Amino acid sequence: MELGDEAVGAGRLTEIGAERVRTPMQDSRTVPVSRPAGAGGGFALPQFAGQALRPQDRALAPAPEYVRAGRRMVDSHGRTIRDLRISITDRCNFRCVYCMEPDVRFAPPETLLTVDEIVRVAAIAESLGVRKIRLTGGEPTLHPRLADIITGLAGATDVEVALITNASLLSRDSLRAWKDAGLARLTISIDSLRPDRFARLTRSTSSPAQVIEGVQMSLDERLTPVKLNAVLIRGFNDDEAVELAALARTFGVEMRFIEYMPLDSAHAWDSSKWVSAAETRGAIERVFPLIACDDDEPSSTARTFRFTDLPNDSPARVGFIAPVSTPFCGACSRLRITADGKVRPCLFSTTEWDLRSPLRSGATDDELADFMIDATWTKQPGHGITSHGFVHPERPMSAIGG
Ligand code: SF4
């Protein structure tokens with residue numbers, strides 16, 4: 001499949017320091033992805049999702065004085081943090097094959113951040129420039145005090161609060177309660193519309209019909225825009241791209257396709273199972289011609305397209321999140337807090353910083369703000385998935401929260 005000029009034109013603008021470089025969308029056959037060193041397919045010893053990480057060998061160095069003085073979370077590559085992803089639990093009722101093993105052990109509850117700690121960290125992050133917070137997991141709807149967290153965030157900050165969920169536990173009452181508490185919108189994961197595949201992929205007793213019902217309820221409760229996420233794996237569900245894209249047309253939502261990333265707890269990721277955004281787009285366009293939208297935020301992870309046969313203002317869109325073929329790290333504005341209180345400057349960080357200890361040992365808000373500024377300063381330039389030196393993070397997606 002040859003990609004024309006518009007594909008090259010549709011490449012992402014990344015900015016590192018003063019230089020703006022364009023990264024063309026690449027077809028999965030042309031990206032030299034080598035198997036990460038030591039990526040065992042073997043069966044790892046069961047352990048707490050986040051346990052594998054050794055405590056830091058080195059203390060967190062302070063960021064330069066001028067950075068601290070700016071009271072913004074900026075990294076050494078000139079990127080500013082505006083989006084905070086907070087994992088509120090590492091528990092999940094699914095065991096998705098690209099995420100966690102059936103025998104995963106969860107962190108002891110006392111090591112997880114409390115509702116008050118989550119709200120305090122969020123308020124400090126807002127004072128440092130954060131404008132959006134996404135609550136993640138594991139599966140955040142499993143958290144018994146999710147409504148309290150949302151209420152706390154709405155009371156302590158003015159940030160937009162969103163939630164990502166597998167939608168298997170949604171009810172109209174809970175959606176209404178979260179909306180009333182201050183939740184703005186939802187992102188829902190759905191990787192297959194075929195019950196048998198869905199069961200094999202998620203290793204759960206839930207069904208696509210249940211998730212679709214969750215989509216409809218979320219729309220009814222106006223937790224919009226509702227966005228849908230799917231991870232396509234070659235030879236597994238990559239033949240469902242058109243059906244999944246059709247969901248966007250049926251419900252008037254944005255259906256995003258995320259390239260499969262090496263973040264699974266089994267370290268079983270391998271490039272032969274990976275499908276590029278370009279390939280997925282090509283498959284969809286053979287049925288539904290698309291045209292690039294021109295209103296994507298520079299730091300947005302998704303490149304969105306609308307259907308040429310639908311009105312320009314139709315909310316039905318297709319998006320591609322292509323970290324492997326079209327890295328968007330140059331404009332990254334994201335920081336993550338894990339459920340057990342670690343600051344992860346990058347999704348693929350191999351280093352993370354323990355915020356929970358100062359949080360629980362009497363640090364002031366200013367000291368915690370300095371800590372978050374210092375941790376951000378250490379953020380790596382990008383994920384390096386396609387580089388030979390790539391190191392598969394120890395902490396799996398389920399304990400990071402995506
Ligand atoms: S891989 Fe890291 S740097 Fe790149 S976009 Fe994701 S979080 Fe940002």
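1. Strand β5 (residues 160–165) pairs with β6 in the parallel sense, over four bridges. Two strands pair if DSSP finds at least two bridges between them. Helices and strands here are DSSP runs numbered from the N terminus (H or I of at least four residues for helices, E of at least two for strands). Within this pairing, the partner of Thr-165 is Ile-188 in β6. Strand β6 (residues 185–189) is mostly covered, with four of its five residues buried. Buried means under 20% relative accessible area, exposed means over 50%, and partly exposed lies in between, with a 1.4 Å probe and protein chains only.

2. On the basis of the note: this is a predicted model, in which local features need pLDDT of at least 70 and side-chain atom pairs count only at pLDDT 80 or more, while totals for chains, interfaces and linings use all residues. Residues are numbered from 1 along each chain as its sequence is written, and side-chain values use heavy atoms, with hydrogens and water left out.

3. Strand β11 has neighbours in β8 and β10. β8 and β11 pair in the parallel sense over five bridges, and Ile-258 stands opposite Ile-321 in β11. β10 and β11 run antiparallel and are joined by four bridges; Thr-304 has Gly-319 in β11 as its bridge partner.

4. How many of the five residues of β11 are buried? Five of the five are, so β11 is largely enclosed by the rest of the structure. In a regular strand the side chains alternate between the two faces of the sheet. In β11 both faces are covered: Arg-317, Gly-319 and Ile-321 are buried on one side, and Val-318 and Phe-320 are buried on the other.

5. The structure holds seven aromatic pairs. Rings of Phe, Tyr and Trp (its six-membered ring) pair if their centres lie within 6.5 Å; planes under 30 degrees apart count as stacked, over 60 as edge-to-face and the rest as tilted. One of the pairs is Phe-257 with Phe-320, which is stacked at 6.0 Å centre to centre with 25 degrees between the planes. This pair links distant parts of the chain, with Phe-257 in strand β8 (residues 254–259) and Phe-320 in strand β11, 63 residues apart. Phe-257 and Phe-320 are both buried. Ring pairs also link Phe-257, Phe-305 and Phe-320 into a cluster.

6. Another pair is Phe-288 with Phe-307: the ring centres are 5.6 Å apart and the planes stand at 90 degrees, so the pair is edge-to-face. Phe-288 lies in the loop between α9 (277–285) and β9 (290–292), and Phe-307 in strand β10 (residues 303–307), so the pair ties together parts that are 19 residues apart in sequence. Phe-288 is buried at 15% relative accessible area, and Phe-307 is buried at 1%. Arg-249 lies over the face of Phe-307, at 4.8 Å from the ring centre. A charge sits over a ring if NZ of Lys or CZ of Arg is within 6 Å of the ring centre and within 35 degrees of the ring normal.

7. Which residues surround the ligand? They are Arg-79, Phe-328, Cys-329, Cys-332, Arg-334, Arg-336, Cys-346, Leu-347, Phe-348, Lys-379 and His-383, where near means that a heavy atom of the residue lies within 4 Å. By class, this shell has six nonpolar, one polar and four charged residues. Ala, Val, Leu, Ile, Met, Phe, Trp, Tyr, Cys and Pro count as nonpolar, Asp, Glu, Lys and Arg as charged, and the others, Gly among them, as polar. Cys-329 is buried, at 16% relative accessible area.

8. Val-324 sits in the loop between β11 (317–321) and β12 (334–337). Val-324 counts as buried because its relative accessibility is 2%. The C-alpha atoms of Val-324 and His-383 are separated by 8.8 Å, although these residues are 59 apart along the chain.

9. A search of the whole structure finds zero disulfides, a disulfide being a pair of cysteine sulfur atoms within 2.5 Å. For Cys-92, the closest cysteine sulfur is that of Cys-96 at 6.3 Å, which is too far for a bond. Cys-92 is buried, at 14%.

10. Some backbone geometry deserves a look. Most residues other than glycine have a negative phi, and most peptide bonds are trans. A cis peptide bond, with omega about 0 degrees, joins Thr-224 and Pro-225. Arg-222 is not a glycine, yet has a positive phi of about 55 degrees; Arg-222 lies in the loop between α7 and β7 and is exposed at 59%.
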